[in-house]
Amino acid sequence: MQPATRCLRVALPRVHRAPRLVRSLGTQAPETSGNSSPRTTSFGFKIVPEDEKESLVKNVFDSVASSYDLMNDASSLGVHRLWKDSLISTLRPGRKGPLRCIDVAGGTGDIALRILDHAREKYADRETTVEVVDINGQMLKEGFRRFKKTMYHNTPQISFHEANAQELPPSQFADNTYDLYTIAFGIRNCTSIPDVLKEAHRVLKPGGTFACLEFSRVNNPLLSLAYDQYSFTMIPLLGTILAGDRASYQYLVESIRKFPPQPEFASMIRDAGFTTGKDVDGGAWTDLWGGIACIHKAVKI
Ligand SMILES: C[S@@+](CC[C@H](N)C(=O)[O-])C[C@H]1O[C@@H](n2cnc3c(N)ncnc32)[C@H](O)[C@@H]1O
C-alpha cells in the first residue's frame with residue numbers, strides 16, 4: 001500500500017485522516033502473538049491490537065496539537081528546550097557545509113528551526129535544508145504556523161510532509177538521500193521501532209548521522225522516584241487544567257515508561273544496520289538530566 005503524502009511550502013495542510021498503514025513486521029514489545037489472535041502492542045500501559053495503535057496515537061496528537069507547546073513547557077518546566085538545544089549542539093549542523101536533513105515526527109518544527117538557526121548563526125549557512133515529516137496533519141499545521149513567522153518561510157530550506165515514519169514512501173524519500181536524520185520525542189509513539197529505524201537507515205546516505213532525542217531510563221533510584229511522582233501526578237493534572245485532556249497526557253507519561261532502556265535501544269539501532277559507540281553513557285548515547293531524556297547517535301556506514 002502506498003501511503004498518501006503531502007508536501008507543504010506555502011499552503012496550510014488540509015487536515016485529513018492519516019493513511020492507515022498496517023504492518024506485521026517487528027513491533028514494540030509485542031505482548032502476545034498467536035496464530036489466531038491479533039498481534040498486540042503497548043499503548044501506554046494498555047495492551048492494544050497492533051493495528052489500532054496508530055489511530056490511538058493519532059487521536060492523542062490531534063487532541064494535544066493546539067496546546068502541545070504550552071503543555072510541553074509547563075510539564076517540563078521549559079527543560080525540553082534545553083534538551084533540544086543539546087541535541088543540536090552535539091550535531092553542529094552546518095559545520096562541515098550545508099546538509100540535507102529530515103526531521104521525522106517533527107510536527108512542531110522545533111528541531112527543524114534549531115537546525116536551520118544553528119547552521120545560519122554559527123556558519124552563515126543558508127543552504128542546509130530540513131524536510132519535516134509527521135503522520136499528523138494537526139501537528140504539521142502547528143509547525144507550519146511557527147515557521148510562517150521566520151525567515152525560512154517560503155524558502156527551499158523548509159518543507160512539511162505528512163507520512164508515516166515506519167513507511168516513508170520511497171518515491172518521495174529515496175534511498176541514500178539525507179546527511180542527517182533526526183527524531184525527537186517521536187519514536188516511542190510509533191508502533192514498530194524496528195521499522196522506523198529501518199527506514200532511517202534506508203534514507204540516510206552512507207556516512208549519514210541518525211540522532212534520536214527521547215525520554216529514557218533514569219538510573220538513580222532517588223531521582224527515579226521523584227521523577228515518577230512528578231510525572232504521574234503533575235503531568236496528567238496539567239493536562240486536565242491546561243488542555244482539558246487528562247487521558248492523552250496520561251498516555252504520554254506511560255509511553256515513556258514503556259520505551260526500551262538505553263542499552264536495549266542502542267542494540268535495536270545496531271540491528272537496523274547502524275554503527276554506534278560503546279554501550280555506555282557518552283558512547284552510544286548521552287544521558288540528559290540523569291537519563292530523564294537521552295540522545296542516541298549512530299552512523300550509517
Ligand atoms: C511528542 S511529539 C514531538 C514533536 C517534535 N518532534 C518535538 O520534539 O517537539 C510526537 C510526534 O510524533 C508524531 N508521530 C507519532 N507517530 C508517528 C509516525 N508513525 N510517523 C510519523 N510521526 C509520528 C506525532 O504526530 C507527534 O507530532
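Helix α7 (residues 221-243) packs against α8 at an angle of about 150 degrees, and the two axes lie 7 Å apart. Here axes are lines fitted to C-alpha atoms, for helices over the stretch in contact, and angles run from 0 to 180 degrees between N-to-C directions. The pair α7 and α8 is therefore roughly antiparallel; in this classification, angles under 35 degrees count as roughly parallel, over 145 as roughly antiparallel, 65 to 115 as roughly perpendicular and the rest as oblique. The crossing of α7 with α8 is right-handed, a crossing being right-handed if the near helix is turned clockwise from the far one by less than a right angle, and left-handed if anticlockwise. On the α7 side the contact comprises Ser 231, Phe 232, Ile 235, Pro 236, Leu 238, Gly 239 and Thr 240, and on the α8 side Arg 246, Ser 248, Tyr 249, Gln 250, Leu 252 and Val 253. Two residues are taken to be in contact if their C-beta atoms, placed from the backbone, lie within 7 Å. The contact of α7 with α8 contains seven nonpolar, five polar and one charged residues, where Ala, Val, Leu, Ile, Met, Phe, Trp, Tyr, Cys and Pro count as nonpolar, Asp, Glu, Lys and Arg as charged, and the others, Gly among them, as polar.

The model is predicted: local features need pLDDT of at least 70 and side-chain atom pairs count only at pLDDT 80 or more, whereas totals for chains, interfaces and linings use all residues. Residues are numbered from 1 along each chain as its sequence is written. The protein chain has nine helices and eleven strands; helices (H or I, at least four residues) and strands (E, at least two) are DSSP runs, numbered from the N terminus. Of the 301 residues in the protein chain, 46% are buried. A residue is classed as buried if 20 or more other C-beta atoms lie within 10 Å of its own, as exposed if 12 or fewer do, and as partly exposed in between, with C-beta atoms placed from the backbone. Among contacts between residues at least 6 apart in sequence, 74% join residues at least 24 apart.

Helix α8 (residues 246-258) also contains Arg 257. This residue, Arg 257, counts as partly exposed because it has 15 C-beta neighbours inside 10 Å. Arg 257 and Asp 228 are separated by 29 residues in sequence and, from C-alpha to C-alpha, by 9.5 Å in space.

Two further helix pairs were examined. Helix α3 (residues 79-91) packs with α4 at an angle of about 45 degrees, their axes being 10 Å apart. The arrangement of α3 and α4 is therefore oblique, and their crossing is right-handed. Lys 84, Asp 85 and Ile 88 of α3 make this contact with Asp 110, Ile 111, Arg 114, Ile 115 and His 118 of α4. By class, the contact of α3 with α4 holds three nonpolar, one polar and four charged residues.

The axes of α6 (residues 193-203) and α9 (residues 262-271) come within 9 Å and cross at roughly 50 degrees. Helices α6 and α9 are therefore oblique to each other, and they cross in a right-handed manner. Ile 193, Pro 194 and Leu 197 in α6 meet Met 268, Ile 269 and Asp 271 in α9. The contact of α6 with α9 consists of five nonpolar residues, no polar residues and one charged residue.

The ligand is surrounded by 21 residues, of which the closest are Ala 105, Gly 107, Asn 136, Met 139 and Ala 165; a residue is assigned to such surroundings if its C-beta atom, placed from the backbone, lies within 6 Å of the molecule. Helices α1 (50-64) and α4 (110-123) each supply at least two residues of this shell. The shell around the ligand divides into eleven nonpolar, eight polar and two charged residues.

Ala 105 is located in the loop between β4 (100-104) and α4. Although Ala 105 is not a glycine, it has a positive phi of about 55 degrees. Ala 105 is buried, because 26 other C-beta atoms lie within 10 Å. A positive phi of about 55 degrees is also found at Asn 176, which is not a glycine. Asn 176 lies in the loop between β6 (158-162) and β7 (178-184) and counts as exposed, with 12 C-beta neighbours inside 10 Å.

In the loop between β9 (274-275) and β10 (285-288) lies Val 280. With 11 C-beta neighbours inside 10 Å, Val 280 is classed as exposed. The C-alpha atoms of Val 280 and Ala 266 are 9.7 Å apart, the two residues being 14 residues apart along the chain.
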